[in-house]
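Dear colleague,

Please find below the structure I am handing over to you, followed by an account of what was found in it.

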Amino acid sequence: SLGVLACDLEPGTIAASDPKILEELKLCPALTGAQQDALNALLLSGATAQGDPSSWDLQTLRDLGPLVLALNQTTLSLVAEAAREDFRRSIAVASLRQGHPQRDKFLLLSRALAAAAASSQPRQKRSEPLCPVTASNIEDVSYLSPEDLDLCLSSEVLIENLEDVLDQPMPSESYWVLKKKVDERFPLGIPEEHLRRLGRLSRLYTEQEISQWLVTCPETLLALLNPSEGEWSDSQMQQLLSRYLALGGSLTGSHLQIIGDRRLCQLQEEQIQQIPAGAIETAGQLNISECSQAKKEQLYGKAREAFASLASTPGLYYCRLQPYLGGAPAEDLKDLANAGVAINMDLDTFLTLNPEELQKLSVTDVKHLLGKNLPELKKAEQEPLVVSWVQRQSQRELDCVLDIGLKGGRPEPTGTASTAGPCSPVTATTPVPTTPAGVTSVITVTTPVPSSSVTVTTPVPSSSVTVTTPVPSSSVTVTTPVPSSSVTVTTPVPTTPAGVTSMVTATTPVPSSPAGVTSVITVTTPVPSSSVT
């Protein structure tokens with residue numbers, strides 16, 4: 001039941017514990033020297049599930065898992081030579097799929113196995129089977145020190161068996177010996193067919209040396225970029241890509257995947273310009289957030305070209321363009337917003353849009369882009385990008401179109417009628433029948449009310465006009481063209497208690513006049529919470 005707590009047990013407790021303690025010790029990232037001694041004592045007792053070390057085979061060593069790294073010379077020397085050799089070969093293959101730290105662990109274990117073999121055959125001279133190294137005993141290079149490797153391995157044998165040599169676990173110093181021998185074999189420059197075989201050795205070359213490489217084939221670049229062979233420094237990667245592109249090479253989607261987001265952004269603008277749209281199409285999703293705005297715009301243009309055939313299916317088109325929208329112009333963002341299909345842009349993508357282009361989007365554009373994610377915008381209202389956009393919008397539009405509580409928009413111009421919450425006007429138009437003199441009078445009443453628009457048309461007799469319109473907390477203007485005069489009537493209406501309706505009636509006689517002569521009657525009535533007649 002201890003689990004990883006077993007890693008803190010005292011050595012004496014480990015040696016005295018039930019043999020099943022081995023399963024718990026496999027969880028430990030590392031054991032102290034004293035704990036390793038206790039582990040070996042437990043294994044040498046033969047009381048574990050593995051039995052006596054002399055009976056172990058390849059599978060037994062594999063079953064020990066990480067504990068095999070803690071085996072000492074005494075324990076290993078008891079293991080049958082065939083089992084040790086089979087295990088050594090298996091870890092050499094496994095080390096190829098591991099990073100440098102794991103390779104170093106395999107190297108230490110391989111050395112321990114070699115030492116155990118030497119101690120079990122003390123009369124065999126180490127130099128006889130190991131030097132010189134030929135194709136038949138190429139695996140013996142893992143037993144050689146860097147000095148012996150330099151003496152026993154020729155440049156010709158190395159080049160002929162380069163992959164097999166690099167398959168063996170070796171200390172880092174030995175790789176420098178191998179690099180020297182490769183350079184000796186090709187004093188005028190490494191041919192391209194051998195560049196792709198360099199593997200881990202390629203990481204030892206300087207930027208100056210890389211600038212002389214003949215890297216023209218996509219396959220060569222792909223082999224050199226293989227991440228399982230180790231990490232390139234930023235300067236080495238930049239030089240390698242520059243050399244490849246300068247020689248006319250073309251980057252593919254596979255190249256972009258290995259190069260990665262960060263180093264893609266480190267390319268120069270003229271190098272990004274050389275990337276074909278097809279590479280973007282096959283590269284999968286790339287995160288270009290670290291790129292400069294100019295590079296984002298370049299990559300967006302290539303992505304738009306790559307996915308142009310999907311424009312008729314806006315949802316899929318958006319999904320493919322989404323990683324590159326940080327470089328999109330406002331016109332393209334408006335097209336996405338008005339595509340007729342919910343885009344439902346996530347907030348993270350929205351916040352990566354070009355700030356200058358975002359300011360050109362209307363409230364409705366943003367509503368359509370975000371779709372069901374619109375409420376998330378409220379959570380980001382303190383983001384500088386959102387703050388600056390809000391400040392450019394009408395507060396009334398933010399309230400009426402978005403309705404998510406965003407504040408900070410532009411107020412209505414001075415003199416514009418508004419009340420708490422209204423979002424659209426009401427207009428009542430009453431045509432006045434022809435007067436005896438043939439003059440037509442019209443009365444228009446405009447009242448802002450919440451979220452609706454109403455038009456009322458009423459025939460009006462030639463002598464007087466009466467219009468009844470319920471108006472919440474607003475002002476009313478009635479305009480009637482009539483002959484030969486101008487009359488203005490202003491009637492203040494006092495506030496009434498809730499639920500009580502006040503009525504104001506304005507009656508204007510319309511006298512006869514010669515045809516073509518008009519006059520204006522204006523009735524202005526501010527009415528709080530009441531109706532106007």
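In this predicted model, the buried residues of helix H3 are Gln35, Ala38, Leu39, Asn40, Leu42 and Leu43. Their cover includes helix H1 (11–16), helix H2 (21–25) and helix H5 (73–78). H3 itself runs over residues 33–44, and its twelve residues reach 16 Å from the first C-alpha to the last, close to the 16 Å expected at 1.5 Å a residue. Just after H3, Gly46 adopts a positive phi of about 75 degrees.

Apart from neighbours within four places in sequence, Leu153 is in contact with Val133, Ile138, Leu158, Leu178 and Lys181.

The axes of helix H16 (residues 234–246) and helix H17 (residues 253–266) come within 11 Å and cross at roughly 110 degrees, which makes H16 roughly perpendicular to H17. The crossing of H16 past H17 is left-handed. On the H16 side, the contact is made by Asp234, Met237, Gln238, Leu241 and Tyr244, and on the H17 side by His255, Ile259, Arg262, Arg263 and Gln266. By class, this contact of H16 with H17 comprises four nonpolar, three polar and three charged residues.

Yours sincerely

How values were computed
Residues numbered from 1 in each chain as written. Predicted model: local features only at pLDDT ≥ 70, side-chain atom pairs only at ≥ 80, totals over all residues. Heavy atoms only, no water. Axes fitted to C-alpha atoms, helices over the stretch in contact; angles between N-to-C directions. Helix = DSSP H or I, 4+ residues; strand = E, 2+ residues; numbered from the N terminus. Parallel < 35°, antiparallel > 145°, perpendicular 65-115°, else oblique. Left-handed = near helix turned anticlockwise from the far one by under 90°. Contact = heavy atoms within 4.5 Å. Nonpolar A, V, L, I, M, F, W, Y, C, P; charged D, E, K, R; others polar. Expected span 1.5 Å × (residues − 1). Buried < 20%, exposed > 50% of the residue type's maximum accessible area, 1.4 Å probe, protein only.
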